[in-house]
Amino acid sequence: MSDADFERARQGAAERGASNKGAKGFDRSSQRTNSNKASLTDNFDSELYGNGGADKYAGYNTSIPADDEMEVDGDDDDQNGGRLVGQYTATADQIGEWATGEAAEDDILNSREKQAQIQNRESDYQRRRFQRRLSGGAEGKTFKDTMEERELEREEERVRRLIEDKKKDQIAKGEDGMDIDEAKPTLKDGPEEGSPEAKPRRRARRRGWDTDEAAPVTESETNGHKTNGDAAGGETKKRKSRWDTSSGAETGESYNAEGQLVNAEGEVISAETKVPKKRSRWDATAAPGASETTNGDSAVPKRRSKWDVAGPAGAVDATPAAGSGAAAQPVMPFGTDVNSRNAPISDEELDELLPSEGFQILVPPPGYEPIAAPAKRVSVAALPTGGFMNQEPVDARAMGKQLPSEIPGVGDLQFFKNEDMHYFGKLVDGADENDLSVEELKERKIMRLLLKVKNGTPPMRKTALRQLTDNARSFGAEALFHQILPLLMEKSLEDQERHLLVKVIDRVLYKLDDLVRPYTHRILVVIEPLLIDQDYYARMEGREIISNLAKAAGLAHMISTMRPDIDHVDEYVRNTTARAFAVVASALGIPTLLPFLKAVCKSKKSWQARHTGVKIVQQIPILMGCAVLPHLQGLVDCIGENLNDDHTKVRTVTSLALAALAEASNPFGIESFDEILNPLWTGARKQRGKGLAGYLKAVGYIIPLMDEEYSNYYTSQIMEILIREFQSPDEEMKKVVLKVVSQCAGTSGVTAGYLKETVLDDFFKFFWVRRMALDRRNYKQVVETTVDLGNKVGVGEIVERIVGNLKDESEAYRKMTVETIEKVISAMGAADINERLEERLVDGILHAFQEQSVEDIVLLNGFGTVVNALGTRCKNYLPQIVSTILWRLNNKSATVRQQAADLISSIAVVMKQCGEDALMGKLSTVLYEYLGEEYPEVLGSILGAMRAIVTVVGISSMQPPIKDLLPRITPILRNRHEKVQENTIDLVGRIADRGPESVNAREWMRICFELLDMLKAHKKGIRRAANNTFGYIAKAIGPQDVLATLLNNLRVQDRQSRVCTAVAIGIVAETCAPFTVLPALMNEYRVPELNVQNGVLKAMSFLFEYIGEMGKDYVYAVTPLLEDALIDRDQVHRQTGAAVVKHMALGVVGLGCEDAMMHLLNLLIPNLFETSPHVIDRVIEAIEAIRVCVGTGAVMNYVWAGLFHPARKVRTPYWRLYNDAYVMSADAMVPYYPHAEDKIERRELMIMI
Amino acid sequence: MADKLRTQQQLEALQNKYVGTGHADTTKHEWTSNVMRDSYASYQGHPSMMLYMAVGTNTNVEAVRRHCMERMVLPVGPPPAMEEDEE
């Protein structure tokens, strides 16, 4: 450690300073903050360590309770769940990465609308909710019927599975030839059927309106849309209207049928064959072979209307699957909705299209009602894009005109989606309200309200929701739920919509109460999926609804409704039902549900029922936490026997349920588990794989409940298995094992000696390997477990074992080691570390620090912690550390310099302890040279390091001397970066506090001016530090000059600045005694300017708040000023005046200023009738403060007068005063109650002795 | 509007907590009942007050306490029926 090092470092700074002098100079304002440098606090290698704190858990399933994740999967994973050999394959995420387009760029056309939809972020498992039927409800069916139906479903499932198995068998045996035989006919059929059908289809396509309508707009048809149009056309029996060209024009057509027509090619085609039979004369225009075609294109072999301007290539069959090489499929204009081209032709367009004479527009026949085609059924086939694109004039319909923006009777909505048309289409059919029956009217009313709630603006939603709630009973459950529930099953539902609809259900439930019973099952079908949503709030909502439902419908009804789902074939249904049952249990109390649970868990009939029963028990503690304690015995008894179940899945879920129960009841309730300890421990010996993981988990949670002796015994019993499983390749098992080890280590019964002997060797052998550091989850788990073990076995033991890793070549592994060492040492200190180890440790950590390729906060903290823990033992290593720091301070990379500076701040204290003052002096001299640093983050750190050194060495012995340092810092005060500001103001404040004499007054005044800007900093810490610094400076150079500066600043426009100035004045008054400030302040009040006067009042308010009791000497002095303020015409004046009165009154309680306070109260009372919330609040507060000061009785004399005033406007504020007084000092009011005529006659008070 | 609603809710919460608080529609009868009950509760809360009353009325403290408790039932008589009906 020579002076040469320092010299080199200093030179480096000078050189860098010279090289970028031109750019920076001292104009700090030009420094902008957000550089593209790697941040110290973020992880650079975001692939490995995630993206800093922000999105660390993205991709992890954070919200679904982790306790049962290993159990959620379907029925058929039993076989591989228990595998003993690890599978070396990519994870499902990796495999699916390209398939799902996770890695693909976000499709900008796949707009936010899509992304907001709930189903787009759901897992496949969660999407299984769509398989549930609403109609399968209990309504109109007896319990018996339902059970029979379930039985049937189970049988179907069984048979299906049998068939599948059989097929698999056959394939396995190589008999799959049969399959080919079966497939053959289909393969053959294709072309055979295709050839005759392709032709009529092609011909049919160019016929009628269907073609013409789409042609001018689109120039090409997609398969789906075209066939859709044709299909409907084919079904058309009779043309109703000339203009009615909408594909779904026929009333008789049901949505479903139409949907099928669209989707199933075959049906479409067959439908078309009917077309020629019945054709309107419009069809004839473009019909094939029709000689009288109006356009001249009839010679073209393929019939096309002249509107079809797509060019020759467009004549090719539009079905891409036909493989006719649709080369020049014209592209749709970028960003245009495909639907727009398939929208009905508007009247204007038809007018343009058709000759104006010889035709007449017919009136639609009576009873005709155009169907609002359910937009979602229209399959939107993706168009192949690319190639030439015609410039088209903007089509009015492409501007979103096809959807109504305003629904009659609803008003302007926020949005209206295609899918909404399906549900709310009735509202736009324009039917006359007078013709409708009462039921229909009611339906429409509800529809309108629901639409308002779902799509409306916030105020609309509010009123609509209230109407729905208020009229719920008159609408009736049926009418309401028939509309709400299908909406909730809609696939394109978004979070917001779902939230609102669920809210509607919640409110309506509350009103309907037991009327809701017939809908229980259907509501459950819709709400249960919320219980497994990723979103915490959705889960909460789901719980709330189900618990309200349970309260409304009653336990018996809930059980009879949900009973059939308990052994449902679908695992998804059983899972959600179990969760719903747990919610019911928490709503209605566990004891009421316990007999039922007992019965279910012991069901002989099906293992699914037992499984679900146990799962309910598992969910209850997860939901209720320690509230299960009173019923713990009952719950454990309930599932105890299932530990020996024949079925693996039941055993596993039982162990998980026990784990959940033990976790919730920690640290109590071990006696409830007595019964199952034996089966659990013996069971753990018998299990393998997934089952074992569950058992170990239960063991891990039960051991901490035991007392010392037992925990020791049971730990030793299980440890053998744990150690065996250390080697397990299964991630899940690793997680469980680590958790159990840390739980065992935490119990008092397990001794350090035992752990050292049996556990540590294997633990470090299998878990402290490089591979573990690469996966974030493993990394955390291992670190945590090691720290837990360290808490038991001591620092030395752990550090000894891992210190070698500090020099490992894997950076992640080094980091993991440093993190562990840091946690262990910060928890237990370094006393346990011997001299040799200490050497290796410091050496290793220095190595790790120097070798880091990305500057990491973990290493910085680790270094700091180790050095601080070692304390004076560091003395020998300090020169080496300092030379490392100097070397890194001189680094080209900004983050390295920043980290070096940060390290100085964290080890400054230790350097002082070691008596290395000289070294610190040199360091600070070097830092001083670095004040020209251009990166604000680094500059902030350097200032922080300076501050740390000043703090430990003291102002007087600081190198370089303060009188050199401070002028250099003053311009930095102008820097706008928060970190720089914070550190500078702290440093300046410290100097102003401890050694103001080292700088002359002029310099301090200059600093004062700079500080004014800091008063409007965003960060509160900075504003506070600036204010305090004002106080110190005022103390150092006297308040006059500072005050003059501050008073001038009251005139500025910026409100924040004025407020902070007011605070600063208050602080100056506090530090320099009020009499130095008040006269000048009151004089300033004479300036006839609103801002200034208010500023003065505000300053006085802070002043009196800070000086407290000292204020008693100034009360009479400021009273005239306050009089003036309180009777001013300006509201804000009175408001601020009231604030002053409040603080003053609270300061002088019991100090004999009651007369002045009464005087002020007289001025305050008339302000009671202010309505502006701020004003009235301040006034009431002031009156309350005066009440505290002068006593309740005196103030209440004002209140009695207004309590029963004839005018409500008068009574209301008086009652507010009364209530406040009542809450705060009811007892003090008793003696002062008035004698009200004959009413209040308190004879007890008349007693005289 | 929203502010009004909030004030209303705050007042309701207050009233749930403190029975003795009132509002613009509190009747004189309700208020005086509360005043009397609060007074009796207060006497019982101050032992010296009870003792003073006991000495003054020449009874014992417990008798005074009982008196105070009994008087808390309808302290100013039954509510005026007429007014209620009118509303």
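Visitor: Leaving aside its neighbours within four places in sequence, which residues is Val583(A) in contact with?
Guide: In this predicted model, Val583(A) is in contact with Arg543(A), Ile546(A), Ser547(A) and Leu623(A), once its neighbours within four places in sequence are left aside.

Visitor: And where is Val583(A) placed?
Guide: Val583(A) has its place in helix α26 of chain A, which covers residues 571-588. Between Val583(A) and Ile616(A) there are 9.1 Å from C-alpha to C-alpha, the two being 33 residues apart in sequence.

Visitor: Buried or exposed, and why, for Val583(A)?
Guide: Val583(A) counts as buried because it has 28 C-beta neighbours inside 10 Å, where the cut-off for a buried residue is 20 or more.

Visitor: Switching to Gly669(A), where is that found?
Guide: Gly669(A) is found in a loop of chain A, the one between α30 (648-665) and α31 (670-686). Apart from neighbours within four places in sequence, Gly669(A) is in contact with Leu629(A), Leu632(A) and Leu705(A). The C-alpha atoms of Gly669(A) and Gln633(A), which are 36 residues apart along the chain, are separated by 8.3 Å.

Visitor: Why does Gly669(A) count as buried?
Guide: Because Gly669(A) has 20 C-beta neighbours inside 10 Å, and a residue is buried if that count is 20 or more.

Visitor: New topic: how many residues of chain A are in contact with chain B?
Guide: On chain A there are 22 residues in contact with 22 residues of chain B. The most on the chain A side comes from helix α59 (residues 1208-1229), which gives ten residues.

Visitor: How do the residues of that side of chain A divide into nonpolar, polar and charged?
Guide: The side of chain A that touches chain B has 14 nonpolar, two polar and six charged residues.

Definitions and conventions:
Residues are numbered from 1 along each chain as its sequence is written. Chains are lettered from A and ligands numbered from 1 in the order in which they are written. This is a predicted model: local features need pLDDT of at least 70, side-chain atom pairs count only at pLDDT 80 or more; totals for chains, interfaces and linings use all residues. Two residues are in contact if their C-beta atoms, placed from the backbone, lie within 7 Å. Helices (H or I, at least four residues) and strands (E, at least two) are DSSP runs, numbered from the N terminus. Ala, Val, Leu, Ile, Met, Phe, Trp, Tyr, Cys and Pro count as nonpolar, Asp, Glu, Lys and Arg as charged, and the others, Gly among them, as polar. A residue is buried if 20 or more other C-beta atoms lie within 10 Å of its own, exposed if 12 or fewer, and partly exposed in between; C-beta atoms are placed from the backbone.
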